[in-house]
Each structure stands twice: as C-alpha cells, then as structure tokens.
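Please read the following briefing alongside the sequence and the three-dimensional view. It is grouped by topic for quick reference.

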Amino acid sequence: MSRTPFIAGNWKMNKTIAEAEAFIQALLPRVSTADGVDVAVCVPFTDLQAVVDSTRGSRVEVYAQNMHQAPTGAFTGEVSPPMLAELDVHGVVLGHSERRQFYNETDRALSEKVPAALDAGLKPILCVGETEDEREAGDTERKLRHQVQEGLEKLDSPRLGDVVIAYEPIWAIGTGLVATPEQAQDAIAFVRALVADRDRDQAERTRILYGGSVKPDNAAELLALPDVDGALVGGASLDADSFAQIVDAAVALAA
C-alpha cells in the first residue's frame, strides 16, 4: 500500500496573526506544486482562523496544537473538538512531549482525545517518544509500547489507519541532536509493528512521521527510510524557505 508523505510544521508558541499571515503568503507559492505530498502547519489557537482563511483553497492544511476531549464543560482555558471543527481546522496534534512534560498530559487522557478528534472530523497526530534516560536504559520499546497501545486503546481497529503517529525522541527535540537513520527506522518500524498487533492492514495505512531537529540538510536522509512517511518539523518550520525545502525533499522522494 502506498502512503502519501506528510510534512507538518509545528510552530509551538510562535507567530502573531500578522506574522502567521506573512509566513503563509511566503509559503504558498513554494508548495503550490508539491504533488504527492500532504503539507500542514500546526499553529497556536490565536492564529487558527487567520491561517485557515489564508490557506483556503490551497494544498496546505491547518492543525491545532492541542484540544480537550470533552465537547463542552467547565474546563477553563481549554478548547473542544467542535470548536476546532467550526473553524474548518483539518486536524490536531495530540500528546506532544512538551504537553506531557510541562502540562502533565497522560496516556489515559490521550486515549480519549484521539477518538474524540476523529469523531469531530479532525485528523489526529499522536506524538510518542522516549527521553534520553529511557533510551540509555534500554527502555525505548517499553515506553513506545505503552504510549502507542494506550493512546490507541479506545479506537476500533478500522480507524487505526486514520491516525498519524509522530515518533519524536525527546532528546532530539530542539536540541540540534538527531536520531541516526538506524535509530529512527528501528523505532518507527517498532511503532508500526505495535499497530500491526491490532490490525496488520491498518498498520500499512498508518502514516508514521519522524520529528526531532529535522532540517533541510538532514530531511532527505530521514524521509528516505522505509517506514518513515514524513516529518513533524519544529524550529525549521518557522521559516517559510526552510520548511519549503523540507517539503521539496519529500516531493523529490515521492516522484
């Protein structure tokens, strides 16, 4: 089965509305002919409506960076799946390591968020990955097994392939360190095997991205790995030119 490569840029807590609109104006001409590759930007809540409007009719999709699992409720400061869907947002990042580390997001909460996103018509990107201490202790597979199995636990098997999974070794996020091609391939192949334990056909549908200091100069090598279906790009996604170069690398490999 052929999986469409997916390049998503996670802006984190960056860009005002004016900065976001300027970025989109610079990006759209660069990716307008990126045939065979899906492209998305994952933007702060305050930018969502402006970026949805600026990208309407283009190939660039817009993702939120988090959401609550409940449709309504007394959850001050949170945003619900229907609120995102009303903005014509395409999807949402769930379980990024920064959400887990700084805001105590749990795998149990994610097991509710993933199906809630799909129920609202949003495409979820479920983030998983190990810390440096866990890798050095040989606990990478144990950590990934727990995150993947629990995060997907409440999904019926036919929906597994609708979830994008992003493998982000925490020790490589924003550090300039990058997993070696062998480390990235081994981890992502293991994640695919975990999905296959539930449903082999859905595992072939599931797109699994690599994230962690992806830049134009290392993108092609990472994207060429057999089980890597794209990238969740952090810092390099804040510059339209560098992000477009990563998209170009995916297009070249997909051709």
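Helix α8 (residues 181-198) has 18 residues and spans 26 Å from its first C-alpha to its last, close to the 26 Å expected at 1.5 Å a residue, where the expected span is 1.5 Å times one less than the number of residues. Helices (H or I, at least four residues) and strands (E, at least two) are DSSP runs, numbered from the N terminus. The model is predicted, so local features need pLDDT of at least 70 and side-chain atom pairs count only at pLDDT 80 or more, while totals for chains, interfaces and linings use all residues. Residues are numbered from 1 along each chain as its sequence is written, and side-chain values use heavy atoms, with hydrogens and water left out.

**Helix α8**

**Residue Gln-147**
- Gln-147 lies in helix α7 (residues 140-151) and counts as buried because its relative accessibility is 2%.
- Leaving aside neighbours within four places in sequence, Gln-147 is in contact with Arg-100, Asp-107, Val-128 and Gly-129.

**Barrel**
- Eight strands close into a barrel in the order β1-β2-β3-β4-β5-β6-β7-β8, with parallel pairing, which requires that DSSP finds at least two bridges between two strands.
- Strands β2 (residues 38-42) and β3 (residues 60-64) pair in the parallel sense over four bridges, and Cys-42 stands opposite Tyr-63 in β3.

Note on methods:
Buried < 20%, exposed > 50% of the residue type's maximum accessible area, 1.4 Å probe, protein only. Contact = heavy atoms within 4.5 Å.
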